[in-house]
Amino acid sequence: MSALPRIGAHVAADAPTAKRRRRFLGMGGWEFSLLVLLVIVTTGFGLGVPGFFDDLSGFLGMTGNFLPFGIVALGLSLVIFTGGIDLSVGATASLAAVVAAQLWATLGLNIWVAGLLGLVMGGVLGGINAAVIVFLRIEPLIATLATSFIYTSAAVAVAGDSPPSGFPEAFNNLGSGALGLGSFQVPYQLLLFIPLAVLFWLLVGRSAFGRKLVTVGYNSEAARYSGIRVPRVLAAAYIISGMMAALAGLVLSAYYSAARADMGDVLLLTTIAMVVLGGVSIFGGEGSMGGVIIAVLLLGLLRQGMLIAGFSDMVTSMLTGAILIGSIAVRNIFSTRVGGFGKRLLALVRRPAVAVPDTTRHDAP
Amino acid sequence: MINARRMLVLAAAATLAVASIAAAQTVDTSKRIKVAMVPKLVGLSVFKANQQGAEAAAKTLNIDFLYTGPVTASAQGQVDVFNSLIARKFDVITTTSNNPTQLAPALKRAMKQGIKVVSYDSDVAPDARDFFIQNTEYPAFGKALVDSVAKYIPADSEVAILSSTKDATIQNEWISALTAYMKTAYPKMKIVTTEYGQSDPSKSLTAGLNILQAHPNVAAIIAPDGASVVGAAAAVQKLGRTGKVFVTGCSNPDAIRQYVKAGIIKASPLWDEVKEGQLVMHVARLAANNALKPNDTFSVPGLGNYTVKDKVIIFSEPLIFTAENIDQYKF
């Protein structure tokens, strides 16, 4: 009688620590394996593929070809942490960039002011997403799919028959320029991405907002009962995602020195792949920003390396898909929470033990 | 006297012949170079036909040839490919662009590193390439489109246009060229509507059906786009208007062969994509050798003489596919 509560207490005390330890190891392990993979990929391409690593400046310069994806991934991670999804990031990027470009081209606004208004526009578009999700109670998947159609059409309408191009050189530098320190060159895109990455890492891992974000994603009801204003957290996540998408759109238009309505289309799928590969659970509440940042570099450099090695775009796209499936499968097996696949595997192992008494019972009469 | 003149003519002819041989021989192929051909997307038969010609020419020109491009027709995909080619230190990049302005920064970066850029088919911004090979002259192609249907219908017929998209540069040039030609050559002919099939086979078919149902008097559809010509021809077939409505357009022969044989398409202009691929490689070789000036002339054995005018080279007159000749072309 007195033993029972003790066992119960023991179990209750032990379960969270076991869970926490497993989760900590799981997450840390995931990031660590990504990092190892990144080192392998970089040194592998560096040694085996001429042109991949000729000098440090050239190598860093290559990041300018994929960092817009990384910028979107940072914002999109917040949304996925909450258990939602933002399918409108590509359309938001296009619309914000096209609007900024038109403000510059037709109204003669200073390009930087126009760019700033583009960022604000991205925030507004994210806010609309949040409003649709919170007030109309529409699933994020459907809500952002719908708004992505609307934003894309708006972008096409704003862009017109001849989308603006030929921005001032100072603005183009944001996309394709580099800060020269003697012969050493650091692309402006990287100088933009590094502080953002640090900021997002602190925001998710070290701030109260980050805790709330993850709690909402882990269990939105529990978050509500513990006093977290869930709609406010969701709104912040979608607004930030919208602004980051807009920033990526602006960087892309600087990179191409042109803004087009279909420019952001390529962003969405690769970015989701980066976030998921980074270890953020698509069901929310799990993952770390560090993983996402490593995944951005990993997928980005992998793609660049493959392209330089002469593999066609087709092969690289296929590989991205395969990596995505592989990473989700691996995560599902080791996940402590979703665990479907891992549990089923365990069940498969255990079933014979259950099945034996079953058959004897059937045989008995 | 007569003899002397004859001698003179002969001498002149001989000099010309020698000169043209000399011109053909001046292509210096001693140094092996790396040339890439980047189409709008891989897997489209017209671009494969370019590749076929380019590959054959590359062998004779001591060129390491690479055919690579994005899976979908995206400028972003092409830029990715350009970046990799720059890193791999190619000597020449040849490309047909998905978007003239978006590709420019990457190509300018290539040019800054000493890589020659040759565009063909669809041009990039003029300051982002060394040479552009234009398929045919716009007026010539506009004339060919009109002539391909006008011969088979009464001079006062109603004609419809089914194009790709509203902002398609080349299509719009052709449409204005054919409108201008029609006004002078067939003044009584009337263009009653212009529809767009978005370069999509099913949308083009729908647009074709719309034209035929909304304008029952239309005797010809001019569809200067690969998808729309097939859509228009399929619409004519579906509504049983074969022999009453004629279609022409701009497509590779394989895609329209059945409609040409069925008599829906009497004639359809294009250009020889295989030979164009050969020309692209010759220009790439000359550009790599720094042997071609912005205004210049050169000759290519088996293809003919070409003039460079302000960095633009016109490839050829339109090539008209008909029931008689279409089986000679497989692409």
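The buried residues of α7(A) pack against α5 (111–135), α8 (188–206) and α11 (230–256) of chain A, together with α4 (104–112) of chain B. This is a predicted model, in which local features need pLDDT of at least 70, side-chain atom pairs count only at pLDDT 80 or more, and totals for chains, interfaces and linings use all residues. Residues are numbered from 1 along each chain as its sequence is written, while chains are lettered from A and ligands numbered from 1 in the order in which they are written.

**Exercise 1.** Find the buried residues of helix α7 (residues 169–176) of chain A.

*Solution.* Start with the cut-offs: buried needs 20 or more other C-beta atoms (placed from the backbone) within 10 Å of a residue's own, exposed 12 or fewer. The buried ones are A:Phe171, A:Leu174, A:Gly175 and A:Ser176. They lie on the same side of α7(A), because they cover an arc of only 165 degrees around the axis.

**Exercise 2.** Describe the side of chain B that touches chain A.

*Solution.* First count: the contact (C-beta atoms within 7 Å) takes 21 residues from chain B and 19 residues from chain A. Next, locate the helices: α3 (75–87) and α4 of chain B each supply at least two residues of this side of chain B. The largest share, seven residues, comes from α3(B).

**Exercise 3.** State the mean pLDDT of chain A.

Definitions and conventions. pLDDT = per-residue confidence, 0-100. Helix = DSSP H or I, 4+ residues; strand = E, 2+ residues; numbered from the N terminus. Arc of directions from axis to C-beta. Contact = placed C-beta atoms within 7 Å. Nonpolar A, V, L, I, M, F, W, Y, C, P; charged D, E, K, R; others polar.
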